[in-house]
Amino acid sequence: MCVLLLVFVTVSSANPGVAPGNNESCKNQVTQEDSHHKTNSTDHKKAFPVLSFNYDHVRKPFEISLWILLALLMKLGFHIIPRVSNVVPESCLLIVVGLLVGGLIKAIGEKAPVLDSKLFFLYLLPPIILDAGYFLPIRAFTENMGTILVFAVVGTLWNAFFIGGMMYGVCQIEGTQLGGVDLLSCLLFGSIISAVDPVAVLAVFEEIHINELLHILVFGESLLNDAVTVVLYHLFKEFSHAGTVTVTDAFLGVICFLVVSVGGIMVGAIYGILGAFTSRFTSHTRVIEPLFVFLYSYMAYLSAEVFHLSGIMSLIACGVMMRPYVEANISHKSYTTIKYFLKMWSSVSETLIFIFLGVSTVAGPHAWNWTFVICTVVLCLVSRVLGVIGLTYIINKFRIVKLTKKDQFIVAYGGLRGAIAFSLGFLLTDNKMKTMFLTAIITVIFFTVFVQGMTIRPLVELLAVKKKKESKGSINEEIHTQFLDHLLTGIEDICGHYGHHHWKDKLNRFNKSYVKKWLIAGERSTEPQLISFYNKMEMKQAMMMVESGSAAKLPSPVVSSVSSVSSVSMQNIQPKRRAIPSISKSREAEIRKILRANMQKTRQRVRESEMCCRNTNTYSVSDAVSVFLFLFFLCSASLLQQT
């Protein structure tokens, strides 16, 4: 019903009812009628209109509402039928719906709407990236940052140059009728089709519930390769118009990549800090708290796009920077609003993107070349497999947890393409080559979404790949996590190796000493991390009890206390103060002196043992024992001081 109504609205909007050629005669007739009406106004009085029709007044918002309603109904129908959802990914069905709608519109002789690049990049893509960046698992992302950057930067460069170079070789073969495609045009096409699409990855990987490591590797790559894609696209587009490439141009391309990526991160970080600082003063106007999060994030994206920086990396940096401080300032109701509105907004945008992909496919135009299309699909698969295998071989030499053959297969097979490649191809200059490129891009998108998206679930089950386990956080887990972080930081400090645990500890100390005081209001800025985590758990548990109705089984005083907890904001919850045994300042100074002296002695012993090992290739057992005993003493003292 919604599809038929949408087709009817398209037809009615395309046929306003008055031909353009009869405008002059209509104007003359209206003028004569007006003059006649003026002279005989007393004899013929116009009746008051009881019902009138003016569709043009509400045409645009009405059509937008119909498209959103169609997307929601398709999403609802997909989840109502479990047999279909277990076999076919949601993105595939949405593309099929778009193909049907586009076919109906074209069958009646009307022009189907196309997924415009401006509509995609400015309105549909930002909600999806903001939802992914705001709720990004920071710990998993930072621990695998090196691997993600290698796949995103080196892997994308490899795919772009491999596909572009091989496609140029294919175009030079006689009989393919592709002799007019030069090297720079092939490299431009390779830069468009090489990047993994975050929308397609989210749509498929969230349905198969893959484990957190593989999910963050593929999804993190799709987020961070935006800077490489933007730079390569603009670089080869300029080179293709100029026709020549110099060494200076290549050097400026490298500088441009650094500016685009680092500049996007800086813009997002600035807006994130502004949003966190603004949330300090919203305690009296809780209603507008979610708006600040949405507006500052969207402004970060637009500001990055103004200077042709990476808007995706700007949104990710803004969400990551803003979230911990905003959640400490806003109320629980505002947090719930932000969470569910972002999920709803991103879900609608994702649905519309796949529907418009189907409609745009029917709208055309297409220039089909069997050689070009088939070689593009094959080379995309080959370059992805070779890139993942080669880069993983190098990465595993530096990783503690190695990527297995199964992990490499899922990472390679999960390199899906999507609407970003289509929108970049849509921005090319109108000619026959652009039409051929768009046809090949749509074919690759359909192949990755339909073939790889539909077969990745049975392959994950066949290979027995570890899936994501839904686990609730606990105080015990948080204590052990912090203990291991402190232990690894101490080991790195003693060994003189400044790894990511050392810099993470430095960053946490700087954040606690300076940043929190400016961005978090009240006593929450000095609250210990364990107490803050405990408050979040208690609040979440109380809200779940109230919403599920289990609080009705409790006595009335308990119910009233739970209800009062649910109405209080997260900021107003204060931890219960426990009686901590105090020690004198002289005793504390003595402990610090002992720790400092032992630390210095141990460092000196480690340096001496390193020099000895370099000469004799032997290790001192006493030094190892002393280091172990000192670490045990240091961790015990740290835990005693915290408890």
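This note goes through the predicted model point by point, from its overall make-up and confidence to particular residues and side-chain pairs.

1. Overall make-up. The chain contains 26 helices and 0 strands, and of its 643 residues 44% count as buried. Among the contacts with a separation of 6 or more, 83% are between residues 24 or more positions apart.

2. Confidence. The mean pLDDT of the chain is 77, with 75% of the residues reaching 70 or more. Confidence is highest in helix α14 (residues 289-306), at a mean of 93, and lowest in helix α24 (residues 556-567), where the mean is 44. Two stretches call for caution: over residues 15-34 the pLDDT is below 50, and beyond near neighbours in sequence this stretch has 3 contacts in the model; over residues 616-622 the pLDDT is likewise below 50, again with 3 contacts beyond near neighbours in sequence. Where pLDDT is low, the predicted coordinates should not be read in detail.

3. Helix α9 and its aromatic pair. Of the 11 residues of α9, 10 are buried, so this helix is largely enclosed by the rest of the structure; the buried residues include L184, L187, L188, F189, I192 and I193. A search of the whole structure finds 19 aromatic pairs, and one of them joins F189 to F437 in a tilted arrangement, with 4.9 Å from centre to centre and 35° between the planes. Because F189 lies in helix α9 (residues 183-193) and F437 in helix α20 (residues 432-462), the pair ties together parts that are 248 residues apart in sequence. Both F189 and F437 are buried, and ring pairs link F189, F372 and F437 into a cluster.

4. An aromatic pair within helix α14. The rings of F292 and Y296 have their centres 6.2 Å apart and their planes at 25°, so this pair is stacked. Both residues lie in helix α14, 4 residues apart, or about one turn of the helix. Their exposure should be read with the cut-off in mind: F292, with a relative accessible area of 27%, is partly exposed, whereas Y296, with a relative accessible area of 19%, counts as buried, the limit for buried being under 20%.

5. The salt bridge between E221 and R384. The structure holds 9 salt bridges, and in one of them the side chains of E221 and R384 meet at 2.7 Å, N to O. This pair links distant parts of the chain, with E221 in helix α11 (residues 212-224) and R384 in helix α17, 163 residues apart. E221 counts as buried at 2% relative accessibility, and R384 is buried as well, with a relative accessible area of 6%.

6. Salt bridges within a helix. In helix α7 (residues 138-143), E143 and R139 are 4 residues apart and thus separated by about one helical turn, and their side chains meet in a salt bridge at 3.3 Å, N to O. E143 is partly exposed, with a relative accessible area of 45%, and R139 also counts as partly exposed, at 36%. In helix α15 (residues 311-329), R323 and E327 are again 4 residues apart, about one helical turn, and they form a salt bridge whose closest N and O atoms are 2.8 Å apart. Here R323 is partly exposed, with a relative accessible area of 23%, while E327 is buried, with a relative accessible area of 7%. Salt bridges that share partners also join R139, E143, D485 and K504 into one network.

7. The buried residue D226. D226 lies in helix α12 (residues 226-242). D226 is buried yet has no salt bridge, and R417, the nearest side chain of opposite charge, is 14 Å away. The side chain of D226 does make a polar contact with the side chain of S310, at 2.5 Å. Apart from its neighbours within four places in sequence, D226 is in contact with S310, G311 and I312.

8. The surroundings of T371. T371 is found in helix α17 (residues 370-395) and is partly exposed, with a relative accessible area of 30%. Leaving aside its neighbours within four places in sequence, T371 is in contact with V170 and T176. T371 and T176 are 195 residues apart along the chain, and their C-alpha atoms are separated by 6.6 Å.

Notes: Residues numbered from 1 in each chain as written. Predicted model: local features only at pLDDT ≥ 70, side-chain atom pairs only at ≥ 80, totals over all residues. Heavy atoms only, no water. Helix = DSSP H or I, 4+ residues; strand = E, 2+ residues; numbered from the N terminus. Buried < 20%, exposed > 50% of the residue type's maximum accessible area, 1.4 Å probe, protein only. Lys, Arg positive; Asp, Glu negative; His and termini not counted. Salt bridge = Lys/Arg side-chain N within 4 Å of Asp/Glu carboxyl O. Polar contact = N/O pair within 3.5 Å; in protein donor to acceptor, adjacent residues only side chain to side chain. Contact = heavy atoms within 4.5 Å. pLDDT = per-residue confidence, 0-100. Phe/Tyr/Trp six-rings, centres within 6.5 Å; stacked < 30°, edge-to-face > 60°.
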